[in-house]
Every structure is written in C-alpha cells, then in structure tokens.
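Colleague: Please go through this model with me, beginning with the ligand and then turning to the strands.

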Amino acid sequence: MIIDINGVKFGYSSDQPVLKDVTVKIEGPKFVSILGPNGVGKSTLIHCINKILSPNEGAVLIDGKDVKDISIKEMSKIAGYVPYSANDTFPLTVVDTVMMGRHPHSYRGSLDEDLDIVYDTLEMLGISDLAMRSFNELSAGQHQKVMLARGLAQQPKVLLLDEPTSNLDVRHQLDVSKLLKRMSEEKQILVIMICHDINIAAKYSDEIILMHNGAVFAVGTPKEVITEENLRIVYNVESSVIDDLGSPHVILRDSLPEPNEEASVPKLESAMPESSSV
Ligand SMILES: Nc1ncnc2c1ncn2[C@@H]1O[C@H](COP(=O)(O)OP(=O)(O)OP(=O)(O)O)[C@@H](O)[C@H]1O
Ligand SMILES: [Mg+2]
C-alpha cells in the first residue's frame with residue numbers, strides 16, 4: 001500500500017490556502033504519525049486522502065490510482081476513518097454503532113460473521129462490557145474507543161485516525177497506541193494517526209510527518225524528525241530532546257515568542273487597568 005501525495009494544494013476559500021504544497025510518499029504496512037501545530041492542515045490533509053475533500057491542485061494516489069477515480073464505495077473498503085472526537089450522536093447501541101463499520105463489506109459476509117468481527121473488536125479494545133449500552137450515554141473516552149472499534153471492524157487497508165487518543169487517560173493512550181502499532185504489523189495495514197502527543201508518537205511510530213506552514217516540514221524516523229531545532233521552528237518551543245531507550249523523548253522547557261509577538265502584544269503590566277493596582 002503506497003499513498004503518494006503529490007503537490008497537493010487546498011483552501012476552503014480561494015484567498016486562503018491551507019495546504020500550500022504537500023508532497024510526501026507513505027509506504028505501508030507501517031504506523032505513521034502526523035504532527036504539527038493547531039490549524040496547520042493535518043485534518044484537512046487526511047480529508048484529501050479519504051476523498052472527503054478534493055485538492056485544488058495536485059493529486060493523491062493510492063497504489064498508483066488517483067483517489068478522484070476511486071468510487072466512494074471502493075474507498076470505504078480501502079480506507080477506514082476515525083474522526084476527531086465525533087460529535088456524531090448515534091441513537092444506537094455500541095454494537096450497532098461498531099456494526100456500521102461492516103457496512104462496506106455487508107454484501108458478501110454473513111450477519112453472524114460481521115457480528116463476530118464486531119465482538120472480537122470490542123474485546124480487543126477492552127470494551128465488551130459496553131456492547132449493549134447506548135452510544136449517546138458514554139463518556140468522551142468511551143466514545144473514542146467505540147469510534148476506533150468501528151474503524152478497526154471495517155478491516156481497511158489504510159486506517160486514518162484524527163487524534164484518536166485525545167480523550168483517553170494515560171493508560172488508555174498507551175494501550176491504544178500499542179494496539180495501533182500491533183494492527184499495522186499483524187494485519188499488515190498502513191495506520192496514519194494525527195497526534196498532538198509528541199512523546200507517544202515518538203515512542204510508537206515507525207515514521208513521523210511533521211507539518212509546518214501548510215506543507216511537510218520533515219519526514220522520517222522519530223529520531224530524525226523529533227529534534228530540538230525542528231520543534232523550535234515548527235512549534236516555537238524551547239525543549240530538550242533526550243534519548244529514552246532508543247526513542248526521542250521531549251521535555252518541554254518554555255514557549256518562545258511568536259514572530260512579531262514581542263512587538264505586537266502589550267506587556268501585561270501596562271495592559272492592566274489602573275484600578276487593579278494595589
Ligand atoms: N470546514 C472548514 N471551513 C473553513 N475553514 C476551515 C474548515 N476546516 C478547517 N478550516 C481551516 O483550515 C485550517 C486548517 O485546519 P485543520 O483542521 O486542517 O487543522 P489541523 O492541523 O487539523 O488543526 P488542529 O490541530 O487544531 O486539529 C485552519 O485555519 C482552519 O480554521
Ligand atoms: Mg485537526
């Protein structure tokens with residue numbers, strides 16, 4: 001499975017490009033993390049891969065085929081998508097919600113087979129006890145696991161996840177990240193995850209794509225990409241990157257002023273109203 005993103009440009013409006021020129025080739029099976037600051041275009045890029053959006057210029061090729069020539073139905077068998085903390089509400093049980101992931105395959109499998117896959121997936125994520133609960137009554141972390149189960153039950157060749165661990169406690173962040181890595185190896189699929197936790201990404205990913213200014217700033221192994229200099233340029237933070245059993249581990253030191261921030265933001269003391277002084 002090769003996803004070839006070639007000179008992709010995209011803007012929600014014509015005067016404000018979000019993706020300015022994204023070129024990167026992702027070859028699986030592998031566990032890949034996309035990192036980058038808020039608003040840099042990570043979710044937008046994922047949407048250009050799974051055909052929710054189409055690029056204004058450039059192309060996304062999956063195994064050599066332009067996604068614009070892949071039907072939505074075909075795409076649903078190739079790519080699973082776990083959206084960012086879905087606000088979606090489903091007036092359904094957890095089992096029925098996860099069963100929606102089987103939809104692209106429903107013409108060939110039997111209902112029993114699909115149900116087995118759904119229950120196995122719930123078991124794998126440790127949420128079998130939620131099976132008969134109503135999706136709308138779950139906590140944010142439980143929602144996230146159910147949406148992840150739906151993506152896994154789809155058994156796609158590429159799994160795209162938008163911040164799949166953002167609502168999980170530390171233990172479950174580790175569990176889900178380990179599971180995603182294991183899935184990429186055992187099921188030989190390409191797992192692409194957007195993530196804000198640099199240390200989780202560094203510990204588990206085979207490859208990291210670091211975005212900056214609407215483009216790919218760096219791509220490579222965690223060790224190649226997670227450097228103090230890259231973090232300074234892309235995130236405007238001062239950090240120390242240490243070695244943790246072969247993986248880079250970031251200790252954040254301080255935020256740096258944004259370019260022009262010093263000039264444009266008034267100092268706190270002078271911005272205080274006089275009456276507030278004691
Ligand atoms: N539906 C939309 N309509 C208009 N502008 C949008 C839309 N979705 C996103 N944008 C804008 O496009 C830019 C990139 O957004 P995107 O969601 O891709 O960023 P992101 O890298 O995923 O950020 P975050 O880390 O905060 O999730 C932002 O400036 C955002 O405001
Ligand atoms: Mg996003």
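Predicted model: local features only at pLDDT ≥ 70, side-chain atom pairs only at ≥ 80, totals over all residues.

Colleague: Which helix gives the largest share of the shell around ligand 1?
Modeller: The shell around ligand 1 includes Gly36, Asn38, Gly39, Lys42, Ser43 and Thr44. Three residues of the shell come from one helix, residues 42-49, and this is the largest share. That helix is α1.

Colleague: How many residues of the shell around ligand 1 are polar?
Modeller: Tyr12, Val18, Val40 and Gly41 are among the residues around ligand 1. By class, the shell has three nonpolar residues and one charged residue. The number of polar residues in the shell is six.

Colleague: Why do β2 and β5 each have one side without a neighbour in the sheet?
Modeller: The open sheet has four strands in the order β2-β1-β4-β5, with antiparallel pairing. β2 (16-27) and β5 (65-66) stand at its edges, so one side of each is left without a neighbour. The reason is that each has a single partner strand.

Colleague: Which residue of β4 is the bridge partner of Ile3?
Modeller: Strand β1 (residues 2-13) and strand β4 (residues 57-62) run antiparallel and are joined by five bridges. In β4, the partner of Ile3 is Ile62.

Colleague: Is strand β8 largely enclosed or exposed?
Modeller: Leu190, Ile192 and Ile194 point one way from β8, while Val191 and Met193 point the other way, and all are buried. In a regular strand the side chains alternate between the two faces of the sheet. Five of the five residues of β8 (residues 190-194) are buried, so the strand is largely enclosed.

Colleague: Which residue of β8 does Val32 stand opposite?
Modeller: β3 runs parallel to β8, with five bridges between them. Val32 stands opposite Ile192.

Colleague: What is the handedness of the crossover from β7 to β8?
Modeller: Strand β7 (residues 158-162) is joined to β8 by five bridges, and the two run parallel. Val158 stands opposite Leu190 in β8. The chain passes from β7 through helix α6 (residues 170-186) to β8, and this β-α-β crossover is right-handed.

Colleague: Which residue in the hairpin of β9 and β10 takes a positive phi?
Modeller: Strand β9 (residues 207-212) has five of its six residues buried, and five bridges join β9 to the antiparallel strand β10 (residues 215-220). Within this pairing, Leu210 has Ala218 of β10 as its bridge partner. The hairpin has two residues between the strands, and the residue with a positive phi near 50 degrees is Asn213.

Key:
Residues numbered from 1 in each chain as written. Chains lettered and ligands numbered in written order. Near = placed C-beta within 6 Å. Nonpolar A, V, L, I, M, F, W, Y, C, P; charged D, E, K, R; others polar. Pairing = 2+ DSSP bridges. Buried ≥ 20, exposed ≤ 12 C-beta atoms within 10 Å, placed from the backbone. Right-handed = clockwise from strand over helix to strand, strands pointing away.
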